[in-house]
Protein chains: 2
Amino acid sequence: MKARRILFYFAAMAAATLFSSAAIASGADPLPSWNDGNAKQSIIQFVKDVTDKAGLEYVPSEARIATFDNDGTLWSEQPLYFQFFFALDRVKLLAPQHPEWKTTEPFASLLKGDLESALKGGEKSILEIIMATHAGMSTTEFEQIVRDWITTAKHPKTGKLYTEMVFQPMLELLAYLRANGFKTFIVSGGGIEFMRPWAESVYGIPPEQIVGSSIKTRFEMREDGPVLLREAKLDFIDDKEGKPVGINSHIGRRPIAAFGNSDGDLQMLQWTTAGEGRRFALLVHHTDAEREWAYGRDSHIGKLDKALDEAGTAGWTVVNMKDDWKVIYPPAQ
Amino acid sequence: MKARRILFYFAAMAAATLFSSAAIASGADPLPSWNDGNAKQSIIQFVKDVTDKAGLEYVPSEARIATFDNDGTLWSEQPLYFQFFFALDRVKLLAPQHPEWKTTEPFASLLKGDLESALKGGEKSILEIIMATHAGMSTTEFEQIVRDWITTAKHPKTGKLYTEMVFQPMLELLAYLRANGFKTFIVSGGGIEFMRPWAESVYGIPPEQIVGSSIKTRFEMREDGPVLLREAKLDFIDDKEGKPVGINSHIGRRPIAAFGNSDGDLQMLQWTTAGEGRRFALLVHHTDAEREWAYGRDSHIGKLDKALDEAGTAGWTVVNMKDDWKVIYPPAQ
């Protein structure tokens, strides 16, 4: 375990170093998977403005905070949030230990593969599924459960590992910002401890720069040492109005750039752009039914409606996935 | 405001750069305010061990997380936590707007200068004082209130600014660890938003690396833009069992080194040292009645009893302030 984690670090460091030095040395295009167009130009112009020491819009490196939503912004989120697939796999795995689930909703329907009936109960059902699959173990145990799943589970439609369904253009953007002195954070409605085990190797974003939803944990001193136990109690929902709250709690200063894809990101973009000086906000619009998915104003997952309207009036950058991105996912290894 | 903040950043950056390059270039003693002895030697040995790439105890830079308690560890905490002086000053300032305080405890006693009676109500009284002085404004307003206070208020006994009562040996230790690839965090029972406005310029620790106690905030969209409102509701107490919980929530990985001074830090040190591989734990024991204060097992503030016992059995480093530190506070500017 430890050796593998150390290897991860080295690989991530080496990749980051290679990428940034190569791009800087050669003057190569730092965003090769982005087609030329307004979206790409607006990103490059923003980075130029805030890094130009002689310019009026210069921002010192310490204040170059950029926050990224995860689901739908850094990786896909259809037909269900990937964390929900994790929960469903956990329900199947745990079912033998819970014979009562055969006759208890939402588990009974889930186990029959009838997702629609399982989710009839709305938020209450989702919460029951989350608590049954995410709580009741130590943080160390949960980390291992996530690692095991994320390295083996495959997406039902693409057959890819979920971490192969991250957006190549966004990986380039993350690296480009970091090469220009930005500190990149994830601010996601997803579970903070669901993302931390793999985000560093996949996105180059370390655990301490991840903000997300959480359940409560409790410290307990056991005979063989201390543990943090994951309790079946909601702690924080990092979505909509919760995102600026989570940013304030974890980061403690206002980002100068924020990246999202849905109405769940609206308040984060509002909070970011309301700060003084040069600011940047970007929405990824999923318009590519062929290479990914096309959805927006009416979608149950990743609804993009109010935020798209506000992007129009406020002049935020909107990525049209179909036109702006040369590729969606990283090339197969 | 903005210009001042930018100046702060530059000063902090310049100082950090100068310090580390000078120390490295000259091979000078990185901890000049520490007397030679077990405490200093144990720190230097630990840093050597985890940074020696050829050694068995090497830790990659990303995992070199060090957490520091604040009150009593990085600055003094007598005769009262400094944040409590802030609250008392706020009560006096706000009293004209609260005529009812003249006849309501704990405020009536406070305004008469009778602290003992004011605190008879214990935790409930303290909480009332905190909420009356720390809530009911936006995060931006509170930040300004703290900045104004911290740059002007003087300690009743020493007559110094509170930020002049930070421990010079600990400033050197923070810089030494950072020069060796560590990421330094504060993990304090004090208010997270009370520390953030000044910790970067004083300790070189940015807002996103500060963990502390908090009250709830709420996002609100107003006509002139969004605000985060500080509500009179407890969110999280970052003390005792809360410290590992706060570390897990904000940092998301276990520190390899932890520094404290009281029983409030015991669980943080237990959690840190229970991790695999080389670990380090240090307690500052206040033994210098002449230059600072001497207290410990029976103190109401900064009680050091169980943690001192555990330091003995677990082999943690204990700083005897009187013997181990050449100076307490930084030289007057």
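A:Ser188 touches A:Asp69, A:Asn70, A:Asp71, A:Met195, A:Val211, A:Gly212, A:Ser213, A:Asp238 and A:Lys243, leaving aside residues up to four places away in sequence. Contact here means heavy atoms within 4.5 Å. This is a predicted model: local features need pLDDT of at least 70, side-chain atom pairs count only at pLDDT 80 or more, and totals for chains, interfaces and linings use all residues. Residues are numbered from 1 along each chain as its sequence is written, chains are lettered from A and ligands numbered from 1 in the order in which they are written, and side-chain values use heavy atoms, with hydrogens and water left out.

**Around A:Ser188**

- A:Ser188 sits in strand 2 (residues 183-191) of chain A. Helices (H or I, at least four residues) and strands (E, at least two) are DSSP runs, numbered from the N terminus.
- A:Ser188 counts as buried because its relative accessibility is 0%. Buried means under 20% relative accessible area, exposed over 50%, and partly exposed in between (1.4 Å probe, protein chains only).
- A polar atom of the A:Ser188 side chain lies 2.8 Å from the backbone nitrogen of A:Gly190.

**Chain A as a whole**

- Chain A has 13 helices and seven strands.
- A compact globule of 333 residues would have a radius of gyration near 20 Å, and chain A agrees with 20 Å. That radius is taken over C-alpha atoms, and the globule rule is 2.2 Å times the number of residues to the power 0.38.
- The C-alpha trace of chain A spans about 65 × 45 × 40 Å along its principal axes.
- Of the 333 residues in chain A, 54% are buried.
- Take the contacts in chain A between residues at least 6 apart in sequence: 66% of them join residues at least 24 apart.

**An exposed loop residue**

- A:Glu223 lies in the loop between strand 3 (210-222) and strand 4 (225-236) of chain A.
- A:Glu223 is exposed, with a relative accessible area of 89%.
- From A:Glu223 to A:Ala54 is 60 Å, C-alpha to C-alpha, and 169 residues in sequence.

**Two enclosed helices**

- Helix 9 (residues 192-203) of chain A has 10 of its 12 residues buried, so it is largely enclosed by the rest of the structure. Among them are A:Phe194, A:Met195, A:Trp198 and A:Tyr203.
- A:Gly204 follows helix 9 of chain A and has a positive phi, near 75°.
- Helix 10 of chain B has eight of its nine residues buried, so it too is largely enclosed by the rest of the structure. The buried residues include B:Lys243, B:Asn248 and B:His250.
- B:Gly252 follows helix 10 of chain B, and its phi is positive, near 75°.

**The interface of chain B and chain A**

- The contact takes 45 residues from chain B and 45 residues from chain A.
- Chain B and chain A bury about 3,700 Å² between them, with 57% of it on carbon and sulfur atoms. Buried area is the accessible area (1.4 Å probe) that two parts lose on being put together, summed over both.
- In chain B, B:Glu208, B:Phe219 and B:Arg253 lose the most area to chain A, together 17% of what that side buries.
- Across the interface, 16 residue pairs are in polar contact, both residues at pLDDT 80 or more. A polar contact is a pair of N or O atoms within 3.5 Å; within protein, one must be able to donate a hydrogen and the other to accept it, and residues adjacent in sequence count only if both atoms are side-chain atoms.

**Salt bridges**

- The whole structure holds 43 salt bridges over all chains. A salt bridge is a side-chain nitrogen of Lys or Arg within 4 Å of a carboxyl oxygen of Asp or Glu.
- Between chain B and chain A the count is six salt bridges.
- A:Glu200 forms a salt bridge with B:Arg253, with the closest N and O atoms 3.2 Å apart. The pair runs from helix 9 of chain A to the loop between helix 10 and strand 5 (257-260) of chain B.
- A:Glu200 is buried at 14% relative accessibility, and B:Arg253 is buried at 12%.
- B:Lys183 forms a salt bridge with A:Glu208, with the closest N and O atoms 2.9 Å apart. B:Lys183 is in strand 2 of chain B, and A:Glu208 is in the loop between helix 9 and strand 3 of chain A.
- A:Glu208 is buried at 7% relative accessibility.
- B:Glu208 and A:Arg253 also meet in a salt bridge (3.2 Å, N to O).
- Within chain A, A:Arg218, A:Glu220, A:Arg222, A:Glu231 and A:Lys233 are linked in a network of salt bridges.
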